[in-house]
Amino acid sequence: MEPAQLPLKDIHMPEAIGWWPPAIGWWLIAISVPLLIVLFVWLYKRLTRKTAIKTAKKILAQIKQDKRLDNHRKVTELSVLIRRVAISVSPRTQAAGLTGQAWLAYLDRSVTGSPFSEGIGRHLSDAPYRKTQLADEEIPPLISLCEDWLKAQAKK
């Protein structure tokens, strides 16, 4: 037989490869990227929370040991410190605008009982604005209460 007479068909090219379904590598990327983003956000929040609490504990120890501060100044410093930590570790909308009893109730949520709204902790909301100072025997329980609150924040 002559080659021109052979019953051969023309060369057929395969169909173009479609984009769906994607290869396994694309599936892995599509799953791992959002997971990594969530992981990094979680780690960032955790590290900033731990850093804020660790720094607050150091500042609290300085307030406790500073003999130059009078009782009024110590209570003022404690109030500012607790407010700063609360704003740092919780959403700003939850803690930043609270005052008076609402602020003390917010602080009570982290510890057992209600030592802020009914106990020695109530001085954190009004003592910085009073003209009279707290007695010397009232400062150590207040500092201890602040330490307990910071420990409760570290456990969250």
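## Helix H1 beside helix H2

In this predicted model, helices H1 and H2 are roughly antiparallel to each other, because the angle between their axes, roughly 175°, is over 145 degrees. The axes of H1 and H2 also come within 10 Å. In general, two packed helices are described by the angle between their axes and the distance between the axes.

On the H1 side, the residues that meet H2 are Arg49, Ala52, Ile53, Ala56, Ile59, Leu60, Ile63 and Lys64, and their partners in H2 are Lys74, Glu77, Leu78, Leu81, Val85, Ser88 and Val89. Sorted by class, this contact of H1 with H2 holds 10 nonpolar, 1 polar and 4 charged residues.

## Helix H1 beside helix H6

Helix H1, which covers residues 24–65, also has its axis within 10 Å of the axis of helix H6, residues 139–155, and these two axes cross at roughly 170°. H1 and H6 are therefore roughly antiparallel to each other, and H1 passes H6 in a left-handed crossing.

Arg49, Ile53, Ala56, Lys57, Leu60 and Lys64 are the H1 residues that meet H6, where the residues in contact are Ile143, Cys146, Glu147, Leu150, Lys151, Gln153 and Ala154. By class, the contact of H1 with H6 is made of 7 nonpolar, 1 polar and 5 charged residues.

## Helix H4 and its buried residues

Helix H4 spans residues 100–108, and its buried residues are Trp103, Leu104, Tyr106, Leu107 and Asp108. Among the elements that cover these buried residues of H4 are helix H2 (71–89), helix H3 (92–95), helix H5 (123–126) and H6.

## Aromatic pairs

A search of the whole structure finds 3 aromatic pairs. In one of them, the rings of Trp20 and Trp27 have their centres 5.9 Å apart and their planes at 70°, so this pair is edge-to-face. Trp20 is exposed, with a relative accessible area of 55%, whereas Trp27, at 39% relative accessibility, counts as partly exposed. Ring pairs link Trp19, Trp20 and Trp27 into a cluster.

Trp103 and Tyr106 form a stacked aromatic pair, at 5.8 Å centre to centre and with 20° between the planes. Both residues lie in helix H4, 3 residues apart, which is about one turn of the helix. In general, an α-helix has 3.6 residues a turn, so residues three or four places apart point the same way. Trp103 counts as buried at 2% relative accessibility, and Tyr106 counts as buried at 7% relative accessibility.

## Two prolines

Pro21 has its place in the segment before H1, and a cis peptide bond, with omega about 0°, joins Trp20 and Pro21.

Pro115 is found in the loop between H4 and H5. Leaving aside residues up to four places away in sequence, Pro115 touches Asp108, Ile120, Gly121, Arg122 and Leu145. Pro115 and Leu142 are 27 residues apart along the chain, and their C-alpha atoms are separated by 9.5 Å.

Methods:
Residues are numbered from 1 along each chain as its sequence is written. This is a predicted model: local features need pLDDT of at least 70, side-chain atom pairs count only at pLDDT 80 or more; totals for chains, interfaces and linings use all residues. Side-chain values use heavy atoms; hydrogens and water are left out. Axes are lines fitted to C-alpha atoms, for helices over the stretch in contact, and angles run from 0 to 180 degrees between N-to-C directions. Helices (H or I, at least four residues) and strands (E, at least two) are DSSP runs, numbered from the N terminus. Angles under 35 degrees count as roughly parallel, over 145 as roughly antiparallel, 65 to 115 as roughly perpendicular and the rest as oblique. A crossing is left-handed if the near helix is turned anticlockwise from the far one by less than a right angle, and right-handed if clockwise. Contact means heavy atoms within 4.5 Å. Ala, Val, Leu, Ile, Met, Phe, Trp, Tyr, Cys and Pro count as nonpolar, Asp, Glu, Lys and Arg as charged, and the others, Gly among them, as polar. Buried means under 20% relative accessible area, exposed over 50%, partly exposed in between (1.4 Å probe, protein chains only). Rings of Phe, Tyr and Trp (its six-membered ring) pair if their centres lie within 6.5 Å; planes under 30 degrees apart count as stacked, over 60 as edge-to-face and the rest as tilted.
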